[in-house]
Each structure stands twice: as C-alpha cells, then as structure tokens.
Amino acid sequence: MGLYTRTGDDGTTGLFGGERVGKDHPRVEAYGTVDELNAWLGLAAAGCDESRAMHTRFAAILGSLQSRLFDLGADLATPPDSPSADRVVRMTDADVAQAEAWIDEIDGANADLKTFVLPGGSELAARLHVARGVARRAERAVVTLDRDEDVTPAAVVYLNRIGDLLFAMARRANGLAGVPDVPWTARRPGDDTGGD
C-alpha cells in the first residue's frame, strides 16, 4: 500500500471502523493533538543524554508514554459504537495510576514550588514544557469531544496527569542541569511599562 491513498483529498478521513468524518471533526482534532504530543515527546527524548542515569530514566518514561499515546489515539479514533470497538485497547485507571507513580518518582526530588515558573531553563526542560503545553491542549480537545460523544473516562484523566508529569520532568531536568527554574515576575497593579 502506498503512502498516499487520495481518499482524504475531499477533506474527510476514516475513523477506525470505517466511518468517514471531516478532518476538522472534534474526534480527529482530539486524536490529532495526541499525535502532535507524541511527536513532541520524541523531540524531548532525543534531548536526553544517555550517559546520565536520570536522563536514561526520562527516555524510558517518555518511550512508554509514546506507546500509551498510540493506544489513546486508537481509543479516540474508535467510537464506542464502532464495529471495531472490541479491537482497541481503551485507557484505564491502571494507566492513570502508572502516570501518578511516575509523577511521585520524579517530583519527589524537586525543590518545593514557591512561585509560578516560566517554561524554559535548560534545553531539555524547554522541550518538556512545550510537550506539557500540547498535553494540556490535547486534554482540552478531548473534553470538547466528550461534550457530544462518548469518550473513555480515563482518557481525560490520563492527559491531565501527563501534563503534570511533564511539568515535574521539566523542573527535574533543570535541577539535573544545575539551571534554576525561571520564576514568573509579576507586574504590580499600576505598572504599565511591561519592562524591567
């Protein structure tokens, strides 16, 4: 089978099970954003230094997340009433529990958070922060989909935890690099300069 099929040239795509919907359908937006998140996780993993033990751990976690996000994409691409519904693995509370265990593992070594932090610091942290932002957008897309169509309940919770996990990983990446988190500098009421 060739890479291109021309079947989507009319602006539609096929869900798992055969139903065709517009490429801007909320279900496609949801699993498409999960796919984008997966790509950002790949970029973050590529920034891990394999000579450092914690980076190796990060790469392993990110690789596991990427596989689970493929599961989540298939879950979102397959409506519950699809004839193929019994052929996909749905997200479960066990997936959420695994993400929570990773958060506890990673965040346990982070300093207490005393202020909001800006995305950035080390390059790896910056990559993880971008992925975190996309995880939050994916979560919003799934919530939007869930308003009108059935969505596996654990899907929204899982993406919520992934956002938290990536935040914890970004802060830990900065700590490992000896780079402080970038604190948010709030303006005071009446300060309209916007500068330093």
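R137 counts as partly exposed at 31% relative accessibility (buried means under 20% relative accessible area, exposed over 50%, and partly exposed in between, with a 1.4 Å probe and protein chains only). Keep in mind that this is a predicted model, in which local features need pLDDT of at least 70, side-chain atom pairs count only at pLDDT 80 or more, and totals for chains, interfaces and linings use all residues. Residues are numbered from 1 along each chain as its sequence is written, and side-chain values use heavy atoms, leaving out hydrogens and water.

**The E36–R137 pair**
- The side chains of R137 and E36 form a salt bridge at 2.9 Å, N to O (a side-chain nitrogen of Lys or Arg within 4 Å of a carboxyl oxygen of Asp or Glu).
- This pair links distant parts of the chain, with E36 in helix α1 and R137 in helix α4, 101 residues apart (helices are DSSP runs of H or I with at least four residues, strands are runs of E with at least two, and both are numbered from the N terminus).
- E36 is partly exposed, at 30% relative accessibility.

**The R27–E149 pair**
- R27 and E149 meet through their side chains in a salt bridge of 2.9 Å, N to O.
- R27 sits in helix α1 (residues 26-46) and E149 in the loop between α4 (123-148) and α5 (153-177), so the pair ties together parts that are 122 residues apart in sequence.
- R27 is buried at 2% relative accessibility, while E149 is partly exposed at 25%.

**Further salt bridges**
- D181 and R171 pair at 2.8 Å, N to O.
- R171 is buried, with 8% relative accessibility.
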